[in-house]
Amino acid sequence: WMDATATSFKAAALTALLATPIGTLAAYGLAASGLRAARAIYVLLITPMIVPVILIAIAVFYVFVKIKLNNSLFGLVLAHAMLAVPVVMIVVASALKSFDMNQEMVARSLGAPRWRAFLTVTLPQIGFAVFSAAVLAFLTSFDEVILALFVSGGENSTLTRNMFLALRDQIDPTISAISTIMIVVTTILLALTQAFGRDKRAA
C-alpha cells in the first residue's frame, strides 16, 4: 500500500507538471491565433474528455504493449496526461476569454518578444487559472482507476488500482482508511486553490 501510494503521488505530480504547460500553451495558442478552425481544433483536443475512458484505456494498452511502456511510471504519466490536458485547456481557455489581449500587444509593440510578453503580462494575470488547472490535473491522475488498471502494475501499481483489486476480492478496513486519506488530500488541494484565489482577488 505504501509503494502504491508513493506511485500515485509521483504519477499525479508528474502528470500535473506535464499536462499544465501543454494545456496552457494549447489554450493560449488557440486563443491568440485567430484561426477560423480554432474551435474545431479545440474540440479535437478535448476529445479524451468526450470518448469513454474504457475505449481510451484499451487503445492505450495496445499501443503501450507494442512500445513496451506498460507497467512503467513514464507510460502511466503519459496516459494520465492525455486525460489531464483537456481539463487544463478548458480552465485556462476560460480565463483567457476574460483577458484583454491588447495588454500583451502593448508589451509586444514596445519590443518584447511574444514569449516574454506572455510570461510577464499574460501569465501573471491568468496565474490563478493555471494553478487551479494544475491542481485539477493532479487530482485527475490521483483519482483515475480505469487507465491504471490497463497500463500500471507490478512496482508501479497505483493506489486506486490496488483499491479496486482489493474490493473485488474482499472488504478490507484498509480500503476505508485509504479512501479517507484520498478525500482529505482532495479537500486540502481544493482548499488551497480557494485560498490562493482569495489572495489573488485581494491583491
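Ile54, Leu55, Ile58, Tyr62 and Ile146 make up a nonpolar surface patch of about 440 Å²; patch members have over 30% relative accessible area and no salt bridge, with nonpolar side chains joined within 5 Å. Areas come from the Shrake-Rupley method with a 1.4 Å probe, and a salt bridge puts a Lys or Arg side-chain nitrogen within 4 Å of an Asp or Glu carboxyl oxygen. The model is predicted, with local features needing pLDDT of at least 70 and side-chain atom pairs 80 or more, while totals for linings use all residues. Numbering starts from 1 along each chain, and side-chain values use heavy atoms.

Helix H4 (residues 53-67) gives the patch the most, four residues, and Leu55 sits in H4. Helices here are DSSP runs (H or I, at least four residues).

Then there's the largest pocket, with about 260 Å³ of space. A pocket is an open set of points on a 1 Å grid, where a 1.4 Å probe fits, with protein on both sides within 12 Å along at least five of seven lines; lining residues have an atom within 4 Å of a point. Volume is the space filled by probe spheres on the points. Helix H5 (73-97) brings the largest share of the lining, five residues. Among the lining residues are Tyr42, Ile90 and Met101.

Note on methods:
Helices (H or I, at least four residues) and strands (E, at least two) are DSSP runs, numbered from the N terminus. Patches are made of residues with over 30% relative accessible area and no salt bridge: like charges are joined within 9 Å, nonpolar side chains (Val, Leu, Ile, Met, Phe, Trp, Tyr) within 5 Å.
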